[in-house]
Every structure is written in C-alpha cells, then in structure tokens.
Amino acid sequence: MARRLCRLYRLVSASASASAAPRPHHLPFAVNPSPAPLAPSSSASSPPGFAAPYRLFSSASGSSMVVVGSADSFNSILSKVQDEKLPAVFYYTAVWCGPCRAIAPLVSKLSSQYPKIPVYKVDIELEGLGNKLHGLNICSVPTFHFYHKGQKIDEIVGADGKKLQAGMESLHKQQ
C-alpha cells in the first residue's frame with residue numbers, strides 16, 4: 001500500500017525567499033469548526049503551562065488537539081515540551097494537502113481518545129516557520145513527531161492511519 005503524502009518542494013524555496021517578499025498569511029476557512037475562545041479560563045481543558053495563541057478542538061468532548069497559531073507560539077511550545085520533558089505529538093500539515101485532510105478525522109478521534117497526550121497541529125505555511133521546519137527535517141506532509149520525556153521518539157511521514165494509531169498507543173503506554 002502506497003503512503004499518501006504531499007512533498008514540500010516549495011518549503012526550501014519559500015524559506016530562502018522569505019526576506020525578499022513577505023506573503024500575506026491567512027487562515028483556512030474551517031480551521032476550527034466549533035470555535036473555542038483563545039486561552040480558555042478552565043485550566044482543566046487546556047494543556048498545562050501554555051498561553052495563547054492557540055485554540056482547542058472540541059474542548060467539550062475532551063480532545064487534546066491544539067492549533068498552533070504563530071511561529072513564536074510553536075517555538076515556545078516545542079521548547080516547553082523539550083525542557084519540561086512532556087509527552088506530545090506534533091502534527092505538521094497544510095491546507096492544500098489532500099492526505100492531510102483525509103487523515104484529519106482520525107487525528108481528531110485519537111486526540112479525544114488520548115486526552116493526556118496533547119496533539120499540536122502546525123500549519124507549515126505559518127509565517128516565519130520555514131527555517132525551523134527545515135531544521136526539523138519536515139519535507140513532506142502530513143508528518144507526525146512523537147515526543148516522550150522531551151525527546152523525539154518516533155516520526156511518521158504520510159497519512160498512514162495504522163502507524164498513527166500504533167504510535168499514539170505506544171506513547172500512551174510509555175506514560
């Protein structure tokens with residue numbers, strides 16, 4: 001079975017030309033179908049120690065999906081996960097990526113199934129994120145990075161539902 005993924009040929013060229021002409025940033029129309037307030041007041045539904053800007057997906061149903069809203073918040077979340085040795089999954093995606101849209105319902109389901117493991121959804125086209133993604137070797141979407149005790153323990157490239165389920169289960173068992 002072939003893996004479904006989108007190659008990021010424009011990521012390297014975009015980061016090289018980022019200083020030449022800034023692109024306007026826009027969010028897709030349906031980023032969060034049930035809008036949650038920024039930085040909810042209930043700390044029970046938000047990941048510990050993280051401040052705005054982020055949005056929770058389906059916070060009423062116990063999901064741990066967090067949409068990363070800027071390059072600065074991505075950098076602070078990644079640093080916090082690594083420094084405080086927290087478990088986490090980073091889901092690198094793009095609006096234009098068909099396999100990303102196909103795997104999105106499974107990612108949402110798994111984030112609800114494992115609410116103690118935050119899933120950070122990162123749009124690779126966020127302004128200022130190109131160099132960081134290049135450093136993390138993100139060259140295709142969807143890509144999933146699994147962190148345990150602050151260290152990256154696994155990576156899944158492509159929309160492979162069975163591998164994603166196995167990775168989440170493995171990370172859950174390690175806690």
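This is a predicted model: local features need pLDDT of at least 70, side-chain atom pairs count only at pLDDT 80 or more; totals for chains, interfaces and linings use all residues.
Local features need pLDDT of at least 70 and side-chain atom pairs count only at pLDDT 80 or more, while totals for chains, interfaces and linings use all residues. Residues are numbered from 1 along each chain as its sequence is written, and side-chain values use heavy atoms, with hydrogens and water left out.

**Figure 1. Overview of the elements of the protein.** The protein has five helices and eight strands; helices (H or I, at least four residues) and strands (E, at least two) are DSSP runs numbered from the N terminus. Their order from the N terminus is β-α-β-β-α-β-α-β-α-β-β-β-α. Of the 175 residues, 42% are buried (under 20% relative accessible area with a 1.4 Å probe, protein chains only; exposed is over 50% and partly exposed lies in between). Among contacts (heavy atoms within 4.5 Å) between residues at least 6 apart in sequence, 70% join residues at least 24 apart.

**Figure 2. Strand S3 and its pairing with strand S5.** S3 covers residues 65–68 and S5 residues 119–123. The two strands run parallel and are joined by four bridges; strands pair if DSSP finds at least two bridges between them.

**Figure 3. Packing of helix H3 against helix H5.** Two packed helices are described by the angle between their axes and the distance between the axes. For H3 (residues 98–113) and H5 (residues 161–174), the angle is about 15 degrees and the axes are 11 Å apart. H3 is therefore roughly parallel to H5; the term applies to angles under 35 degrees, with over 145 counted as roughly antiparallel, 65 to 115 as roughly perpendicular and the rest as oblique. Axes are lines fitted to C-alpha atoms over the stretch in contact, and angles run from 0 to 180 degrees between N-to-C directions. From H3, Ile-103, Leu-106, Val-107, Lys-109 and Leu-110 meet Gly-161, Leu-164, Gln-165 and Met-168 in H5. The residues of this contact divide into six nonpolar, two polar and one charged; Ala, Val, Leu, Ile, Met, Phe, Trp, Tyr, Cys and Pro count as nonpolar, Asp, Glu, Lys and Arg as charged, and the others, Gly among them, as polar.

Figure 4. Cys-100 counts as buried because its relative accessibility is 1%. Not counting residues up to four places away in sequence, Cys-100 touches Tyr-91, Thr-93, Ala-94, Val-141 and Pro-142. Gly-158 is 58 residues from Cys-100 along the chain, and their C-alpha atoms are separated by 8.3 Å.
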